[in-house]
Amino acid sequence: MARTAKKNPVDMSFSVITAIASFSVIIFIIGILYVLISESSLAIGKFGVIKFLTSTDWDPVKESFGALTNIYGTAVTTVLSLIIAIPVAIGIAIFITEISPNFLKGPIGVAIELLAAIPSIIYGMWGLFTLSPIMSNHVEPFLEKTFGSVPLLGILFQGTPMGIDILTASIILSIMIIPFTASISRDSFNLTPAVVKESAYAIGATKWEVVKNVVLPYSKLGVFGGIVLSLGRALGETMAVAFVLGNNHRITTSLLDAAATITVTLANEFAEADNDIYLSSLFYLALVLFVMSFITLAIAKYFLLRAERKYSR
Amino acid sequence: MKTYLKFALVLALIMPFVQCEAAETLNGAGATFPYPVYSAWAFEYNNITGVKLNYQSIGSGGGIRQVTERTVDFGASDAPLKPEQLQKGKLLQFPAVIGGVVPVVNMPGVKAGELKLDPGALCKIYLGEIKYWDDKKIKDLNPTAKLSHNEITVVHRSDGSGTTAIFTEYLSSVCHDWKSRVGSGTSVKWPAGIGGKGNEGVANYAKRTANSIGYVEFAYAKQNKLEHVQLKNKAGNFVQPSFESFEDAADTGDFDAKKDFHLWLVNAPGKGSWPIAGATFILLAKEKTASNKKVVSFYDWAFKNGDSKAKELVYVPLPKSLKDKIRGYWKANGLQ
């Protein structure tokens with residue numbers, strides 16, 4: 001007690017400042033939610049919730065708006081980019097922590113961190129000017145020729161390969177999220193106690209067996225956390241995909257067709273939205289994304305917590 | 001103590017600049033299309049008069065909102081506001097400079113300015129009804145050109161823009177089907193084609209994809225030497241996009257001060273008029289007379305001295321008759 005009474009003013013102000021900093025985050029979130037809801041109230045009133053979420057119509061001229069095409073585009077590009085990114089990222093992490101000779105660890109680690117530091121607009125321009133021609137001239141015609149006639153799988157590879165499509169956007173997204181997953185996985189792999197690994201080696205386990213039976217089970221929570229972080233980034237990524245997705249408000253089954261995500265629609269149409277209901281519908285879209293991100297992160301957190309509890313038992 | 005001293009020193013160094021900044025600044029916001037010419041004019045104007053013009057190119061939609069909320073001295077929009085919209089927001093409006101839209105094609109064996117299109121053909125291509133370059137309608141317009149049976153790839157803007165507004169306004173004015181099925185606006189529900197972001201996005205796809213057609217700003221087409229087409233105008237002549245054909249359109253366009261110059265400069269009746277043009281507009285808050293006078297004297301100066309700079313940047317200056325009309329409008333509203 002005596003100690004707290006004697007607390008000096010610097011200490012006091014320090015704790016107050018940190019407290020204010022922390023609470024400001026909560027205030028910001030509530031403030032953003034409030035603005036999104038109040039700005040979109042016009043569109044909520046006109047289109048309702050169910051109709052807005054299930055309508056595929058997006059027609060600024062006739063002032064009729066629905067979010068389904070955008071939600072679909074967001075979900076498909078996010079899932080596809082995770083499918084591409086996760087194996088690569090985990091492979092990188094395993095290589096750096098377990099396999100690579102020491103002198104290579106530094107350069108690869110730095111390269112990954114640099115990848116994370118590139119601004120997303122650069123990825124967007126690179127996608128438009130470099131990746132997209134490669135996709136349309138080489139990769140996509142090959143995919144179409146190889147898989148286009150296979151039943152079921154073929155549905156994914158139809159249409160004229162233009163290089164502005166779901167596949168190109170997902171590849172760019174996956175390159176963007178690999179650093180997150182990789183560096184978090186690496187850090188959690190490093191947390192595996194050396195004693196446990198060495199014991200495994202001592203009883204004659206191979207590298208593959210050590211990774212599979214010791215390192216991965218030990219660090220799966222951390223890896224999962226990294227994936228969730230990447231998921232959040234992929235959901236909200238804007239400029240990297242704004243140039244290569246075409247902002248096409250249609251639901252398509254082919255990966256070689258243009259599409260629109262929520263963020264792409266916002267980036268493309270916000271500046272020139274010239275009437276109230278249009279602007280309000282764009283805010284409504286942002287609100288939908290906010291709720292989507294919140295729900296995915298909440299589900300992920302729930303699983304992480306459950307797994308943590310199971311682990312500590 | 002040392003840090004305080006440093007802080008004071010830095011403040012002392014910055015203060016004079018801050019003071020300078022506050023001297024006389026006009027704040028404007030809006031359309032991205034005229035940004036290069038406004039900032040070039042502002043630079044020269046600042047050198048001569050010391051008045052600083054700060055123009056933020058945030059998009060026409062943003063410009064209209066900001067001037068309606070009175071947070072800037074003037075707004076700028078690529079689309080003219082209707083007189084009743086101006087009334088509602090208590091705004092004044094006048095055109096500042098003219099630009100236009102040019103359809104560009106990429107066809108092996110067809111050079112810039114060779115392909116001829118009429119409004120009907122252009123409209124049907126963008127509706128997705130004409131699917132191949134050797135369609136009879138196109139062949140009839142170009143009896144000598146080598147047109148083969150290749151599918152047309154239609155490229156349009158994926159982002160909302162004044163360029164799209166002018167282009168779709170043109171298609172709506174010449175083509176009934178377009179008007180009833182698609183309409184006009186900064187972004188529309190495209191019946192066909194793929195979307196590129198910005199002029200550079202459209203140009204990139206058009207350049208890369210053989211047998212494609214797209215539309216870009218005149219300045220962009222000219223600077224990047226894209227292959228433009230000839231268009232049949234209202235008078236029935238095929239015209240090339242050039243300073244002359246745009247000036248002709250501006251000359252014959254019926255800008256009316258009584259309607260606050262509300263006019264889409266599409267399908268102008270002149271013999272040599274390029275049919276897809278548009279003025280970009282300045283919006284002023286009616287009651288802010290003091291700052292309006294300063295904005296007006298800037299544009300008055302630009303009208304007198306800025307034509308060559310505008311042309312250098314591939315904008316079409318307003319014709320003299322229109323400038324006089326605008327000066328009359330300023331006088332009538334007590335701004336000059």
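## The model and its confidence

Residues are numbered from 1 along each chain as its sequence is written, and chains are lettered from A and ligands numbered from 1 in the order in which they are written. Because the model is predicted, local features need pLDDT of at least 70 and side-chain atom pairs count only at pLDDT 80 or more, while totals for chains, interfaces and linings use all residues.

pLDDT is the predictor's confidence in each residue, from 0 to 100. Chain A averages 88, and 97% of its residues score at least 70. Chain B also averages 88, with 93% of the residues at 70 or above. For the complex, the predictor gives an ipTM of 0.77 and a pTM of 0.83.

In chain A, helix 1 (residues 2–5) has the lowest mean pLDDT of the elements, 52. Helix 2 (residues 9–47) of chain A has the highest, 93. Here helices (H or I, at least four residues) and strands (E, at least two) are DSSP runs, numbered from the N terminus. In chain B, pLDDT stays under 50 over residues 18–22. The model has zero contacts beyond four places in sequence for that stretch. Two residues are in contact if their C-beta atoms, placed from the backbone, lie within 7 Å.

## The eight-stranded sheet of chain B

Eight strands of chain B form an open sheet. Their order is 2-1-3-11-4-8-6-7, and the pairing is mixed. Strand 2 (52–56) and strand 7 are the edge strands, each pairing on one side only. Two strands pair if DSSP finds at least two bridges between them. Strands of a sheet pair through backbone hydrogen bonds, either parallel or antiparallel.

Strand 1 (residues 25–30) runs parallel to strand 3, with three bridges. There, B:Gly28 stands opposite B:Phe74. Strand 6 (residues 153–157) and strand 8 (residues 212–217) are parallel too, joined by two bridges. B:Val154 faces B:Ile213 in that pair.

What surrounds strand 11 (residues 277–285) of chain B? Nine of its nine residues are buried, so the strand is largely enclosed by the rest of the structure. A residue is buried if 20 or more other C-beta atoms lie within 10 Å of its own, exposed if 12 or fewer, and partly exposed in between; C-beta atoms are placed from the backbone. In a regular strand the side chains alternate between the two faces of the sheet. Both faces of strand 11 are covered. One side includes B:Phe281 and B:Leu283, and the other includes B:Thr280 and B:Ile282.

Strand 3 (residues 74–77) of chain B joins strand 11 through four antiparallel bridges. Strand 4 (residues 91–106) of chain B pairs with strand 11 over nine bridges, also antiparallel. B:Ile282 stands opposite B:Ala76 and is also the bridge partner of B:Phe94. Strand 3 is covered on both faces as well: B:Phe74 and B:Ala76 on one side and B:Gly75 and B:Ser77 on the other are all buried.

Three strands of chain B form another open sheet, in the order 5-9-10, with mixed pairing. Strand 5 (116–117) and strand 10 (238–239) stand at the edges with a single partner strand each, so one side of each is left without a neighbour in the sheet. Strand 9 (residues 230–232) and strand 10 are antiparallel, with two bridges. B:Leu231 stands opposite B:Val239.

## The core and the contact between chains

A nonpolar core is a set of buried Ala, Val, Leu, Ile, Met, Phe, Trp, Tyr and Cys residues joined through C-beta atoms within 7 Å. The largest one has 170 residues. A:Ile172, A:Leu245, B:Ile98 and B:Ala277 have the most contacts inside it. Helix 7 (residues 166–190) of chain A gives this core its largest share, 14 residues. Beyond four places in sequence, the contacts of B:Ile98 include B:Phe246, B:Ala277 and B:Leu318.

Between the chains, 25 residues of chain B are in contact with 22 residues of chain A. Helix 3 (60–68), strand 7 (194–196) and helix 9 (198–208) of chain B each give two or more residues to this side of chain B. Helix 3 of chain B gives the most, four.
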